Amino acid sequence: MKTSIQHILGENVRRGREGTGLSKLQFCLTAGISRPELDHIENGDGNPKLETLVSLAACLDVEVWELLRPH
């Protein structure tokens, strides 16, 4: 079964966020996104804009493509 890119993104963001030790609220403030937006992304339901992906990647200290790579 194929995994959707949204699901991969969500898992990678969640894993990365948990690795930072920041709460969801702290992470959202740092990334400049809302908590509901983060929840949608992490649940695999989001379709974020490119600038949001760039912000998430910067917050996690990774390249954007790494957020989209299956693990």
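Biologist: Why is aspartate 61 called exposed?

Modeller: This is a predicted model, in which local features need pLDDT of at least 70 and side-chain atom pairs count only at pLDDT 80 or more, while totals for chains, interfaces and linings use all residues. Residues are numbered from 1 along each chain as its sequence is written, and side-chain values use heavy atoms, with hydrogens and water left out. Buried means under 20% relative accessible area, exposed over 50%, and partly exposed in between, with a 1.4 Å probe and protein chains only; aspartate 61 has 71% relative accessibility and therefore counts as exposed.

Biologist: What makes the phi of aspartate 61 worth a remark?

Modeller: Most residues other than glycine have a negative phi. Aspartate 61 is not a glycine, and yet its phi is positive, at about 55°; the residue is found in the loop between helix H4 (50–60) and helix H5 (64–67), where helices are DSSP runs of H or I with at least four residues, numbered from the N terminus.

Biologist: Why is arginine 17 called buried?

Modeller: Its relative accessible area is 8%, which is under the 20% limit, so arginine 17 is buried. Arginine 17 has its place in helix H1 and, leaving aside residues up to four places away in sequence, touches Leu22, Lys24, Phe27, Leu38, Glu42 and Leu60, a contact being heavy atoms within 4.5 Å.

Biologist: How do you know that arginine 14 and glutamate 42 form a salt bridge?

Modeller: A salt bridge is a side-chain nitrogen of Lys or Arg within 4 Å of a carboxyl oxygen of Asp or Glu, and for the side chains of arginine 14 and glutamate 42 the N to O distance is 3.8 Å. The pair links distant parts of the chain, with arginine 14 in helix H1 and glutamate 42 in helix H3 (residues 35–42), 28 residues apart. Glutamate 42 is buried because its relative accessible area is 3%, whereas arginine 14, at 28%, counts as partly exposed.

Conventions:
Helices (H or I, at least four residues) and strands (E, at least two) are DSSP runs, numbered from the N terminus.
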